[in-house]
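Here are my notes on how the two parts of this protein meet. Please read them beside the model.

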Amino acid sequence: MPSASPTVVRTRVGIIGGGPAGLLLSHLLAKAGIENIVVESRDHETIRNTHRAGILEAGSVDLLTGSGVDGRVLVDGDEHAGIDLRFNGESHPLDFRDLVDATVTLYAQNEVFVDLAAARQRDGGDVRFSCEVTSISDVETEHPSFTFTDAEGATTEVRCDIVVGADGSRSFSRRNVEVPGHQDFKVEYPFAWFGILTEAPKSSPELVYANSPHGFALISQRSDTVQRMYFQCDPAEDVSAWSDDRIWSELQRRVDGPDGFELKTGPIFDKTVLGFRSFVREPLSHGRLFLAGDAGHTVPPTGAKGLNLALADVKVLFEAIDSFYSTGSDTLLEGYSDLALKRVWKAQNFSYWMTSMLHTPPDANPFLLRRALGELETVTSSRFGQQYLAESYTGWPHA
Ligand code: PHB
């Protein structure tokens, strides 16, 4: 039974959500001597086993390694200097190093989580997994608080100066604090991704983003022996209707071409349908509540921007909180939402653009299909076009 009077914990920053955004913020704050607590509803194992995207911008890698999280991303991460855009059955390689002198690193989001959680544990951070936040109060005052219930049903009240909602796209913090005059912007897509993990060798040195008359496919990787692939599907697709053979022939027909490109196949050990949408909450703050990462905005995975945006929010928010405690001024805190949203909308544009250019809507108007091919041709046949994509994909400089 929940206890009648909650235990009270007093700290400076209360972080709701222990995914990569919440943990990185906690880590940076702790390094700056700013006490904080992280409360996460899921358990460590569940997050570790949730497969998400895997591309880190160079700026994200620097943020992780530069703050002393762990160098594992540099050892186990796979640096990629380009992607392959495939349409009309032909490959169009983009060389990021040549185009914009930048690279990205393939390192799965769950590995980023594992490294951050390990760093918090190593440094004695207060991270509570399997704890459900049940209320948030007084964010319009200088003494906000929230309560959470742990796995045994005991209730704790966190009293702090600042509450950060880094609790993902279904964010409790966003949904349960009344923000007068806020706006939610969103786009739903009539398709989803069917994602698989397979024990197979790499099919191609770089990631392949394929537009085909049968729909989009992405040939990604995880290691020399495990690969990650996706194909566009109906949001209501039933994974149990898809045998390994059926999946391989669907993926293969989306990358087929006169060059004879052939996927390297193997046993499939994970099959998931991933729905997505574009979403932005404005503003990202209200009083002493600040939203970061998916809690404030989500992007379709096509541009691989979700995790990178979350880490970029955290960098801006950390600097604002640090300045608040070192100078007593809340100017940067007040500017957090506007500054973070600049990058958010650039990433929204890029993710929407990549998604619409590469996917085939179910009601495919033949004109629109040809138009998308015209766009792909425009981008790949010009150095400026290639540079535009390369600059966005590898990430704009941090504010
Ligand atoms: C992935 O490997 O999961 C991945 C890579 C690139 C994307 C999306 C997902 O754009």
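1. Buried area here is the accessible area (1.4 Å probe) that two parts lose on being put together, summed over both. By that definition, domain 1 and domain 2 bury about 2,000 Å² between them, with 63% of it on carbon and sulfur atoms. On the domain 1 side, His51, His80 and Trp353 lose the most area to domain 2, together 28% of what that side buries.

2. This is a predicted model: local features need pLDDT of at least 70, side-chain atom pairs count only at pLDDT 80 or more, and totals for chains, interfaces and linings use all residues. Residues are numbered from 1 along each chain as its sequence is written, and side-chain values use heavy atoms, with hydrogens and water left out.

3. Domain 1 covers 7–80 + 103–187 + 278–354, and domain 2 covers 189–276 + 360–394; the bounds come from an automatic or database domain assignment. Their centres, taken over C-alpha atoms, are 29 Å apart. In contact (heavy atoms within 4.5 Å) are 26 residues of domain 1 and 24 residues of domain 2.

4. One salt bridge is found across the interface of domain 1 and domain 2, the rule being a side-chain nitrogen of Lys or Arg within 4 Å of a carboxyl oxygen of Asp or Glu. Lysine 202 and aspartate 78 form a salt bridge through their side chains (3.1 Å, N to O).

5. Tyrosine 209 deserves a look. Beyond its neighbours within four places in sequence, tyrosine 209 is in contact with residues including Asp84, Arg86, Phe216, Thr302, Met354 and Tyr393.
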